Amino acid sequence: MDAATTSVADGRSVERDESLRGSNQAGLRAHNERAVLSLIRRHGELAKSEIARLSRLSPQTASVIMRSLEADGLVLAGEPRRGRVGQPSVPMRLNPDGAFALGLKLGRRTSEMVLMDFVGRVRESRAILYRFPRRTEVMRFVEKASVELRQSLSPVHRRRIVGLGVGMPFEIWSWGEANGAPPGEMEDWRSVDFGAELEQATGESVFIANDVTAACGAEQAFGTDVSANFVYFFVGAFVGGGIVMDGALVPGRLGNAGALGSMPVPTRIGERRQLVHVASIHVLERMVEASGRSAVELWRRDADWTDLGPLLDEWIGIAAEGLAHAIAASIAVYDFERAVIDGSFPAAVRARLVDATRQALSDFDFQGLQPIAVTEGSIGRSAREVGSASLPFFAKFLLDHRVLLAER
């Protein structure tokens with residue numbers, strides 16, 4: 001077996017690109033290289049002089065690092081910029097083909113696996129729909145999807161896959177009843193080492209984070225209009241959240257910071273319930289089924305929900321009130337600039353929900369608190385998948401994504 005091939009547990013051989021080694025011993029970039037790659041990712045493209053200034057590295061050190069990164073295929077040189085005096089500057093940008101990652105979102109109604117390039121663009125995806133996540137069914141899907149996604153790349157690019165990121169709810173077995181699973185059906189999730197199973201099935205290094213924490217990380221890393229301090233809500237089958245402070249994604253002491261779905265909020269009938277029982281798509285699903293209709297279309301990515309009519313109107317009103325209470329409580333704890341709302345719904349529904357949440361907040365008493373902007377997320381339905389796929393990139397190449405990761 002040559003130096004560019006490693007063996008995994010099931011006997012298959014996995015090639016890895018030797019050009020990603022050298023200064024990348026054990027798959028981890030040196031600190032200064034990570035800093036440079038992070039700056040380029042944040043700004044889109046930068047000239048070497050700008051990189052030296054922003055990183056506080058000497059021009060010589062910055063040049064050496066850039067040559068190394070360019071030789072490794074992680075960055076590309078752009079067209080020279082000609083100024084008034086001196087030599088033209090050459091902007092550098094991340095090479096989309098410089099590295100690839102697989103991302104798995106394990107959801108309560110759907111699972112999806114994506115292949116993402118180094119600039120955050122999803123190249124290919126595969127998905128499965130179910131009533132609740134059976135572990136054996138999920139593993140069959142992962143094994144098939146990982147092979148298909150890997151084969152969508154050329155042999156050269158396959159060697160640049162750097163890992164599998166996984167976003168999944170913590171204690172997924174505890175949601176069995178709410179998912180409609182028979183008693184005990186999801187207990188095998190409790191004792192399994194899912195990361196080890198995935199590593200054996202795919203031959204990839206595995207990185208695991210809470211699914212909505214990963215989605216929040218995607219918004220921070222690849223979003224188009226975010227702040228250094230924002231609270232994030234992702235409305236899926238259930239609802240969860242994340243928090244970003246001073247530009248850093250905050251995972252919390254136990255990796256569960258921003259568990260906004262568990263926040264108690266008042267309901268229209270005077271009860272106090274957790275946000276997950278007020279503002280999740282699961283609530284809409286039950287409303288649709290109670291009307292005698294099938295709710296399966298809610299989970300299809302191409303569904304537009306326009307035929308839901310008054311049911312959708314009612315759900316948006318209920319969900320918006322719950323989100324407004326959660327946002328108000330959040331800014332009493334920390335002075336966030338922005339609340340970002342995204343979810344597994346059509347963009348038009350997201351816009352309506354955000355507008356309704358703004359209107360609900362307009363009736364609140366904010367004496368002693370700073371005003372907060374409520375905006376739409378910019379990633380959309382794929383936020384959890386994109387966030388999951390970004391985990392290997394930030395673990396191996398970048399500095400500024402502080403998710404609590406578990407690497408196999």
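Let's start with charges: Asp-97, Asp-117, Arg-121 and Arg-123 are linked in a network of salt bridges. By salt bridge I mean a side-chain nitrogen of Lys or Arg within 4 Å of a carboxyl oxygen of Asp or Glu. Before I go on, a word on what you're looking at: this is a predicted model, where local features need pLDDT of at least 70 and side-chain atom pairs count only at pLDDT 80 or more, while totals for chains, interfaces and linings use all residues. Residues are numbered from 1 along each chain as its sequence is written, and side-chain values use heavy atoms, with hydrogens and water left out.

Back to the charges. How many salt bridges does a search of the whole structure find? It finds 22. One of them joins Glu-112 to Arg-301, with the closest N and O atoms 2.8 Å apart. Glu-112 sits in strand β7 (residues 110–117) and Arg-301 in the loop between α10 and α11, so this pair ties together parts that are 189 residues apart in sequence. When I say helix or strand, I mean DSSP runs numbered from the N terminus: H or I over at least four residues for helices, E over at least two for strands.

Are those two partners buried or exposed? Glu-112 counts as buried, because its relative accessibility is 5%. Arg-301 is at 41%, so that one counts as partly exposed. The cut-offs here are under 20% relative accessible area for buried, over 50% for exposed, and partly exposed in between, with a 1.4 Å probe and protein chains only.

Another bridge runs from Glu-289 to Arg-131, and here the closest N and O atoms are 3.4 Å apart. Glu-289 is in helix α10, while Arg-131 is in the loop between β8 (122–129) and α4 (135–151), so parts 158 residues apart in sequence get tied together. Glu-289 is partly exposed at 35%, and Arg-131 is partly exposed at 40%. There's also Glu-297 with Arg-300, at 3.1 Å between the closest N and O atoms.

Okay, the chain as a whole. It comes to 13 helices and 18 strands, and of its 408 residues, 53% count as buried. Take the contacts with a separation of 6 or more: residues 24 or more positions apart account for 67% of them. Contact just means heavy atoms within 4.5 Å.

Now the inside. In soluble globular proteins, nonpolar side chains tend to be buried together. For a nonpolar core, I'm taking a set of buried Ala, Val, Leu, Ile, Met, Phe, Trp, Tyr and Cys residues joined through side-chain atoms within 4.5 Å. Which members of the largest core touch the most other members? They are Phe-233, Trp-305, Trp-315 and Leu-353, out of 50 residues. The elements giving two or more residues include β11 (230–235), α10 (281–290), α11 (310–333) and α12 (347–361). Of the contributors, α11 gives the most, with twelve residues. If you zoom in on Trp-315 and skip its neighbours within four places in sequence, you'll find contacts including Val-235, Met-287, Trp-305 and Phe-345. A second, separate core has 31 residues, among them Leu-39, Ile-51, Ala-101 and Phe-222.

On to the sheets. Five strands form an open one in the order β13-β12-β11-β16-β17, with mixed pairing. The edges are β13 (248–249) and β17 (373–376), each pairing on one side only. Pairing needs at least two bridges found by DSSP between the strands. Two bridges join β12 and β13, which run antiparallel, and Val-244 stands opposite Leu-249 in β13. Helix α11 lies across β11, β16 and β17, at about 155 degrees to β11. For that angle, axes are lines fitted to C-alpha atoms, for helices over the stretch in contact, and angles run from 0 to 180 degrees between N-to-C directions.

There's another open sheet, three strands in the order β3-β5-β4, with antiparallel pairing. In it, Leu-76 stands opposite Arg-93 in β5.

Last stop: Ser-388, in helix α13 (residues 383–396). Ser-388 is buried, because its relative accessible area is 0%. Where is Ile-208 relative to Ser-388? The two are 180 residues apart in sequence and 7.8 Å apart in space, C-alpha to C-alpha. A polar atom of the Ser-388 side chain also lies 3.0 Å from the backbone nitrogen of Gly-167.

Definitions and conventions: Polar contact = N/O pair within 3.5 Å; in protein donor to acceptor, adjacent residues only side chain to side chain.
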